[in-house]
Amino acid sequence: MERFLFASTGGALYGEPECLPCNEGHPIQPLSVYGAAKYAFEVYLSTYYQTYGLPVTILRYANVYGPRQNPYGEAGVIAIFIRQMTEGRSPIIFGTGEQERDFVYVGDVIEALMLCAGRSLPSGSVFNIGSGVGTPVKRVAERVLELMDNPVELRLGALETRPDEIMEISADISAARERLDWQPTTSLDEGLRESIAWFSENRELALGL
């Protein structure tokens with residue numbers, strides 16, 4: 001039977017968490033327009049199923065990163081850091097850099113998608129897809145600097161913390177582990193190495209040269 005798989009969001013949907021890690025039952029309280037839009041479409045899909053019978057499975061992604069990520073958008077901080085360092089510029093971090101994000105490698109996300117596509121799940125099933133661990137943005141930038149052996153320094157506080165900035169977020173992935181037999185297998189360090197290697201090997205493509 002046909003099924004709609006929707007790539008929603010975890011961090012932006014739950015807002016500033018009441019507890020960590022956030023499970024799928026955490027109150028929906030987005031701080032950003034992006035998070036509100038994602039939730040609006042979750043509601044739309046639920047209504048669509050009630051009206052037309054198309055089942056839906058919702059995957060709430062944490063901060064996905066990896067090779068081929070767009071380094072010019074507002075999202076994708078790891079790709080942005082790599083681009084800035086590749087261009088010889090200092091990575092710019094909003095506020096102190098102590099904001100914690102749950103980073104999940106794109107290969108692990110694809111595995112979760114494939115598992116969902118191959119299983120019969122009740123319509124409206126929701127799964128957090130993340131690492132289950134929060135990591136400070138500053139620590140990620142410092143590790144990218146080390147792996148790239150880059151002499152530039154971080155620029156902390158160069159930009160004020162944004163009003164929709166969530167300070168701490170991590171996803172409870174128990175449901176995906178129990179119902180999909182899924183869990184991430186790529187460590188953050190391994191994923192950073194893979195991302196840096198791809199950007200290095202595809203510099204002109206990655207930087208639009």
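Colleague: Which residue follows α2, and what is its phi?

Modeller: Glycine 53 follows α2, with a positive phi near 80 degrees. Helices here are DSSP runs of H or I with at least four residues, strands are runs of E with at least two, and both are numbered from the N terminus. The model is predicted, so local features need pLDDT of at least 70 and side-chain atom pairs pLDDT 80 or more, while totals for chains, interfaces and linings use all residues. Residues are numbered from 1 along each chain as its sequence is written, and side-chain values use heavy atoms, without hydrogens and water.

Colleague: Which residues of α2 are buried, and which are exposed?

Modeller: An α-helix has 3.6 residues a turn, so residues three or four places apart point the same way. In α2 (residues 33–52), Gly35, Lys38, Glu42 and Leu45 are buried, meaning under 20% relative accessible area, with exposed over 50% and partly exposed in between (1.4 Å probe, protein chains only). These buried residues line one face, because they fall within an arc of 75 degrees seen down the axis, taken from the directions from the helix axis to the C-beta atoms. On the other side, Val33, Gln50, Thr51 and Tyr52 are exposed. The cover over the buried residues includes β1 (4–9), α1 (11–14) and β2 (56–61), where contact means heavy atoms within 4.5 Å.

Colleague: What does phenylalanine 81 contact beyond its neighbours within four places in sequence?

Modeller: Phenylalanine 81 is in contact with Pro91, Ile92, Ile93, Val137 and Ala141.
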